[in-house]
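Please study the sequence and the structure before reading each solution.

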Amino acid sequence: MDSEEESFVRLRDDSLQSPEQLRQEIELNKELYSALEKDHAKLQSAKEAAEQRIQELKKEELHRALEQQLSLNGGEERAHQISAIREKNSRLRQQKKDLENKLEELMKKVVRNDPGMVLSSLPEKKMIFKGLPANKEDMNKLMLTPLIHFPLPGGSALITFEDAEVAQRIIKKREHMVELSCGQLEELDQCRVKVQAVPMDILLPSALEIRLTQSKRSILVSDLPSLDIPKEALLDKLELFFSKTKNGGSEVESRNFLEDSQQVVLTFTRDGVAEPLIERGHMEVPIGKGKYKIKISPCMCGDISDLQLQPSRCPRTVLLLGIPDVLSVESMRDALEIHFQKGSRGGGEVDALAYVPAGQTGVAVFVEDTAG
């Protein structure tokens, strides 16, 4: 037993710590764990930020790639457009050159036929200028002089007064009792007639557009000699000359003598005859006992392509309606003029009067009012 007890030796255990030391170590470990958790959180946040940045860089790289691709495609499209524009410009330059060459050939042809003409011109007319120079803005304006034809029904009359105020008074009163004291009527109740006065409204052109076209079958013959022969004989001579193919003509469909310009319009039955004659410009035509050089020009036809009208009231003219046919034309005119000339009935000095009896019709022609 003694030997066994001697062999049992109690050794001191350094690993055993006091409770206070354990508590301190636990607190230390807690602080260390807390620091580790904070480090882990920071690392996790940094990881997420890095991943987000990677995604953004990928998107930016993708956008740059797309922009680069679009830029390449746009460059190809612009290059294609530029190539198409260059081809179009080249075609236009060639067309311009061809037209210039054609125009030059036509000019040479015209000058060769008539050196005094650059193009086939209208007939020449000598004029003496006695007016004042116009403004540059008015050079392309066409001045129209009104000449209005207005139908008048039966039983009506037109009275034009010298003063517009008189006409307005007559219209304002509207109904008028006109005395017929001419001795042709016996009964007293038939010596007066009731007429109505209304304003005279007409339509005047406010805008006019005329389209000019060259006739394909007609020519205008001018510079005709002043001969003591009838117009029909002159037309016969021209028709006979221009109906012959050796003179460059053909069968003449119609001929028309223009009184205002002393010129003649000849119309052929088929196309292709007028143009060569116009290109020649002048021809010698036998008329009577001599030959005369006449001029051949294109015949221009004018068509009204647009006409705009606006209502206009005649300030000095009154239209009378409802006039019965009880007197002769002359007597009724006198009765109307006497009645409406009296100042006691609102009338005044009459400038003109026209009367159309019942059952008939008339036409009144209105011209520009030049009265002061």
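**Exercise 1.** Describe the largest nonpolar core of this predicted model and state which elements supply its residues.

*Solution.* Step 1: the largest nonpolar core has 23 residues. Those with the most contacts inside this core are F161, V318, L320, I323, L336 and F340. Step 2: at least two residues of the core come from each of β2 (156-161), α3 (164-173), β4 (192-222), β8 (290-321), α6 (329-341) and β9 (350-356). Step 3: apart from this core lies another, of 22 residues, which includes L234, F241, V273 and I296.

**Exercise 2.** Determine whether N247 is buried or exposed, and identify what its side chain reaches.

*Solution.* Step 1: N247 is located in the loop between α4 (231-242) and β5 (252-258). Step 2: the relative accessible area of N247 is 13%. Because buried means under 20%, N247 is classed as buried. Step 3: the N247 side chain reaches the backbone oxygen of F241 at 2.9 Å. Step 4: when neighbours within four places in sequence are left aside, N247 is in contact with F241, L277, R280 and M283.

**Exercise 3.** Classify P199 by its accessibility and list its contacts beyond its sequence neighbours.

*Solution.* Step 1: P199 belongs to strand β4. Step 2: its relative accessible area is 23%, so P199 is partly exposed. Step 3: leaving aside neighbours within four places in sequence, P199 is in contact with I171 and R313. Step 4: P199 and R316 are 117 residues apart along the chain, and their C-alpha atoms are separated by 9.3 Å.

Terms used. Residues numbered from 1 in each chain as written. Predicted model: local features only at pLDDT ≥ 70, side-chain atom pairs only at ≥ 80, totals over all residues. Heavy atoms only, no water. Core = buried A, V, L, I, M, F, W, Y, C linked by side-chain atoms within 4.5 Å. Buried < 20%, exposed > 50% of the residue type's maximum accessible area, 1.4 Å probe, protein only. Helix = DSSP H or I, 4+ residues; strand = E, 2+ residues; numbered from the N terminus. Polar contact = N/O pair within 3.5 Å; in protein donor to acceptor, adjacent residues only side chain to side chain. Contact = heavy atoms within 4.5 Å.
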